[in-house]
Protein chains: 2
Amino acid sequence: MVTFLNASDVAKIVRRVGPRRFWERLVEGLRDDFLRWDRFDKCARFASHSPGGVIELMPVSDGEVFAFKFVNGHPGNTQLCLQTVVAFGALADVATGYPVFMSDMTLATAFRTAATSVLAARHLARPGSRTMALIGLGAQSEFQAWAFHEVLGIDRLRIFDVDEEAADKFVSNVAGFGLGITRCDNARHAAHRADIVTTITADKKRATILSEDMIAPGTHINAVGGDCPGKTELSRALLLRSDIYVEYAPQTRLEGELQQLPADHPATELHELLAGRKPGRASKDAITLFDSVGFAVEDFSALRLLRDLARETGVGAGLELTAAPANPKDLFSLLHPLETGQARGDALPEPMKLSD
Amino acid sequence: MVTFLNASDVAKIVRRVGPRRFWERLVEGLRDDFLRWDRFDKCARFASHSPGGVIELMPVSDGEVFAFKFVNGHPGNTQLCLQTVVAFGALADVATGYPVFMSDMTLATAFRTAATSVLAARHLARPGSRTMALIGLGAQSEFQAWAFHEVLGIDRLRIFDVDEEAADKFVSNVAGFGLGITRCDNARHAAHRADIVTTITADKKRATILSEDMIAPGTHINAVGGDCPGKTELSRALLLRSDIYVEYAPQTRLEGELQQLPADHPATELHELLAGRKPGRASKDAITLFDSVGFAVEDFSALRLLRDLARETGVGAGLELTAAPANPKDLFSLLHPLETGQARGDALPEPMKLSD
């Protein structure tokens with residue numbers, strides 16, 4: 001039996017634990033996992049592309065626990081009244097290969113993406129940052145606002161989306177957070193005087209949501225939307241003006257804003273920054289950029305935290321995900337009522353051959 | 001909601017449909033999928049190796065349905081009273097990326113492996129074959145005997161395992177099938193005068209279960225146990241004497257008996273044989289060898305059949321595998337009772353910050 005959490009269970013756990021404690025544990029868990037970066041068996045995700053989108057499997061192991069996530073990305077889904085991204089994931093015990101935990105990860109993906117953004121910003125944004133621009137108010141936008149508010153103390157937002165309904169939804173959803181919110185007419189207006197600029201738009205194309213002239217010296221850019229080949233949000237000139245931080249360079253060079261730059265353009269990996277092996281913000285006028293694409297280690301952290309919290313809170317259900325015969329060498333025993341059925345002719349349209 | 005089948009559900013479906021019809025539909029489904037081989041987006045499986053074994057993710061898509069299987073292989077598990085292999089898998093809709101079906105695949109892996117063996121033997125074994133040697137009587141052995149009996153009319157078995165208890169278990173499990181069974185003292189004795197020789201031993205090493213002098217002209221060998229790097233069952237001389245058939249050459253050269261031979265040694269892919277593009281048995285004295293390692297297309301066939309049969313029989317349960325907010329752009333709405341909880345201070349150890 002594995003423990004299974006559906007999305008309602010995940011939401012229940014966040015409520016039980018309390019949002020701030022949940023976000024802090026997630027950020028700390030991510031930090032701990034990034035700090036033991038060399039323990040992880042890393043590889044680029046497996047991606048199956050089709051005209052409508054992509055389905056990915058993201059596996060990772062630290063030698064004790066194996067994790068994987070199934071996740072899609074289908075921009076046209078909203079027209080079918082479906083989500084652009086849904087996900088689920090599982091943990092398995094490396095020593096035995098047995099799966100031990102499974103969960104919806106649609107929520108967890110939004111959680112870990114925002115928590116990783118916060119982890120990077122904590123080391124890159126100017127101290128005392130309080131204002132964040134949020135450009136793109138889709139399904140993950142509230143999670144970014146929430147995490148930056150709870151963990152980093154961001155209390156003023158400048159928001160923009162081409163879709164007014166998305167902005168209405170966002171404002172309504174975060175109404176209880178006590179944030180000062182300015183609705184802006186365009187991305188330039190939103191980015192104006194923001195300490196941190198988060199881009200999280202959905203179009204699967206080469207877009208220019210932010211250009212160099214929109215960004216003041218000293219800004220930290222949290223670029224979340226550009227996360228697969230052919231999907232970017234920033235101008236090339238802005239990239240060249242910025243000090244770039246990434247999760248895992250080989251993957252980001254394919255999937256992130258970095259795909260616009262030559263393969264040898266400098267980029268610091270987040271684990272190097274966290275371990276103090278590479279410098280963070282160089283000056284108060286530097287423009288820092290976290291080019292986020294999402295990496296399997298983050299799903300690992302999120303799944304492990306959910307597993308721990310499921311135990312601590314007692315939330316979740318048992319799921320018989322794989323067969324469990326009484327004698328492990330006797331898988332066939334699971335079929336055993338077969339003979340009874342056969343003898344009675346129960347639902348057996350053709351009798352089995354009984355040759356000698 | 002996806003439809004979920006646990007192992008008991010899978011067994012129930014086999015009973016409801018009737019074993020022969022189940023096996024025949026599985027073999028026909030496999031044949032159909034091998035015949036549209038070029039439609040599949042094939043790639044080698046992802047494997048995470050550790051001292052105790054391996055965990056694999058096997059993805060495949062035909063452009064309409066995406067399938068993947070999680071499967072392990074841990075030879076030491078039996079000492080912990082666990083199974084060597086457990087598996088589960090899922091189907092997703094390529095157009096939307098949504099998962100639609102999930103099932104235990106511990107049973108399905110045994111089913112599809114045996115059905116693929118039958119499919120190959122139907123085209124390679126001498127017509128009128130009735131006797132099969134079965135060497136290695138572990139968890140999958142009954143499935144081989146069952147499939148060959150139901151679909152191919154094999155009615156005499158010559159069996160051997162180094163473990164007497166495994167042999168006892170096997171004999172007891174297949175007692176109702178009406179097979180004539182000869183228990184043999186060793187592999188040589190079992191292979192003697194068999195039309196088909198199936199090897200399905202478990203040791204993760206270079207073993208020689210069968211050597212050239214044990215195999216009579218005209219035999220078809222169904223070599224199932226050698227299925228990962230460093231794990232083989234046949235002597236090199238026997239391979240050189242045989243006409244070799246495989247599922248997918250790039251994978252079999254790494255994982256199958258073929259790993260013993262040079263990279264350019266001839267091997268016919270099963271789909272070429274089934275489509276009539278490559279010849280089958282050359283003469284009554286030829287030794288044919290199906291070097292089976294298991295391929296993702298087979299899991300695809302098995303999962304799709306289980307999905308169809310779940311619909312037809314009404315077996316299975318709904319599982320909320322991924323989040324489903326009422327408004328697909330409003331993932332955050334799933335957290336909504338949050339504010340209520342907050343207002344009541346319910347299980348929120350620290351109040352959220354309410355700065356302006």
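In the predicted model, domain 1 of chain A and domain 2 of chain A bury about 2,200 Å² between them, and 66% of this area lies on carbon and sulfur atoms. The size of an interface is often expressed in this way, as the accessible area lost when the parts come together. The domain assignment places residues 2-107 and 298-319 of chain A in domain 1, and residues 119-295 in domain 2. A distance of 23 Å separates the C-alpha centres of the two domains of chain A. To their contact, domain 1 of chain A supplies 23 residues and domain 2 of chain A supplies 20 residues.

The side chains of A:Glu28 and A:Arg122 form a salt bridge, with an N to O distance of 3.3 Å. On the side of domain 1 of chain A that touches domain 2 of chain A, the elements that give two or more residues are α2 (19-35), β3 (53-61) and α10 (296-313) of chain A. Of these, α2(A) gives the most, with 10 residues. By class, this side of domain 1 of chain A has 14 nonpolar, 8 charged and 1 polar residues.

The same surface serves both copies, as 100% of the contact residues of chain A recur in chain B.

How values were computed. Residues are numbered from 1 along each chain as its sequence is written. Chains are lettered from A and ligands numbered from 1 in the order in which they are written. This is a predicted model: local features need pLDDT of at least 70, side-chain atom pairs count only at pLDDT 80 or more; totals for chains, interfaces and linings use all residues. Side-chain values use heavy atoms; hydrogens and water are left out. Contact means heavy atoms within 4.5 Å. Domain bounds come from an automatic or database domain assignment. Buried area is the accessible area (1.4 Å probe) that two parts lose on being put together, summed over both. A salt bridge is a side-chain nitrogen of Lys or Arg within 4 Å of a carboxyl oxygen of Asp or Glu. Helices (H or I, at least four residues) and strands (E, at least two) are DSSP runs, numbered from the N terminus. Ala, Val, Leu, Ile, Met, Phe, Trp, Tyr, Cys and Pro count as nonpolar, Asp, Glu, Lys and Arg as charged, and the others, Gly among them, as polar.
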